[in-house]
Amino acid sequence: MAKLFYQGHGSFRLTSSDGVVVYIDPYIGEGYDLPADIILITHQHEDHTQVGLITQKDSCQIISNFEALEGGKHNCFSILGIEIEAVEAGNNAGHSLEDCVGYIVTIDGLKLYFCGDTSTTAQMKTFSDRALDYAFLCADGFYNMNLEEAAECAKIIGAKHNVPVHLKPGELFDREMAESFDAPNRLIIEPGKDVELG
């Protein structure tokens with residue numbers, strides 16, 4: 001079964017049962033030592049783009065918002081058995097829909113939504129049909145939706161597990177904010193731990 005390591009803020013590492021390693025939005029924390037097969041970048045702000053932290057395999061493929069939005073559409077990728085779909089992300093706090101994406105990653109049969117930096121998007125209304133297993137939702141209330149809006153998005157999306165992340169700018173995590181995330185199927189994941197997904 002796939003494992004997730006949460007570095008903190010909006011940074012994640014996924015490892016498939018076959019050992020394929022995927023990083024999303026590297027920025028902060030520990031856990032960048034496993035050589036990457038795939039790196040996903042949702043947008044170009046510095047707290048999502050610290051690729052230099054990551055050990056990379058020679059064959060590593062980096063997909064940023066540029067590749068994800070190439071051709072003026074949200075693109076899909078299939079790499080080493082991992083399915084990656086770019087989806088809408090954006091808001092009026094410095095995140096344009098034309099420059100930002102989220103990703104739905106399918107790994108070991110599980111569907112994980114990494115929202116990037118965003119507020120509510122029109123596309124979220126379609127996600128309930130996707131039977132997502134996990135939704136990782138930003139909720140800092142400064143550059144993104146706040147806890148209340150993120151909780152409403154969780155209701156719209158309908159994932160089996162809703163995980164609050166990107167809670168305080170410049171910080172790994174904020175436990176008090178995470179516990180204030182009043183969403184259905186809330187799951188709090190603290191940084192620095194490998195979590196078996198299921």
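Biologist: Is Ile-28 buried or exposed in this model?

Modeller: A residue is called buried when its relative accessible area is under 20%, exposed when it is over 50%, and partly exposed in between, using a 1.4 Å probe and protein chains only. Ile-28 has a relative accessible area of 15%, so it is buried. Please keep in mind that this is a predicted model, in which local features need pLDDT of at least 70 and side-chain atom pairs count only at pLDDT 80 or more, while totals for chains, interfaces and linings use all residues. Residues are numbered from 1 along each chain as its sequence is written, and side-chain values use heavy atoms, with hydrogens and water left out.

Biologist: Where is Ile-28 found, and which residues is Ile-28 in contact with, leaving aside its neighbours within four places in sequence?

Modeller: Helices (H or I, at least four residues) and strands (E, at least two) are DSSP runs numbered from the N terminus, and Ile-28 lies in the loop between strands β3 (21–24) and β4 (36–40). Contact means heavy atoms within 4.5 Å; beyond those sequence neighbours, Ile-28 is in contact with residues including Gln-7, His-9, Leu-53 and Leu-172.

Biologist: What is the largest nonpolar core, and how many residues has it?

Modeller: In soluble globular proteins, nonpolar side chains tend to be buried together. A nonpolar core is a set of buried Ala, Val, Leu, Ile, Met, Phe, Trp, Tyr and Cys residues joined through side-chain atoms within 4.5 Å. Here the largest has 56 residues, and Leu-14, Tyr-113, Phe-136, Leu-137 and Ile-157 have the most contacts inside it. Helix α2 (residues 147–157) gives the largest share of this core, six residues. A second, separate core has nine residues, among them Val-21, Ile-39, Ile-54 and Cys-60.

Biologist: How many helices and strands has the chain, and how much of the chain is buried?

Modeller: The chain has three helices and 12 strands, and buried residues make up 54% of its 198 residues.
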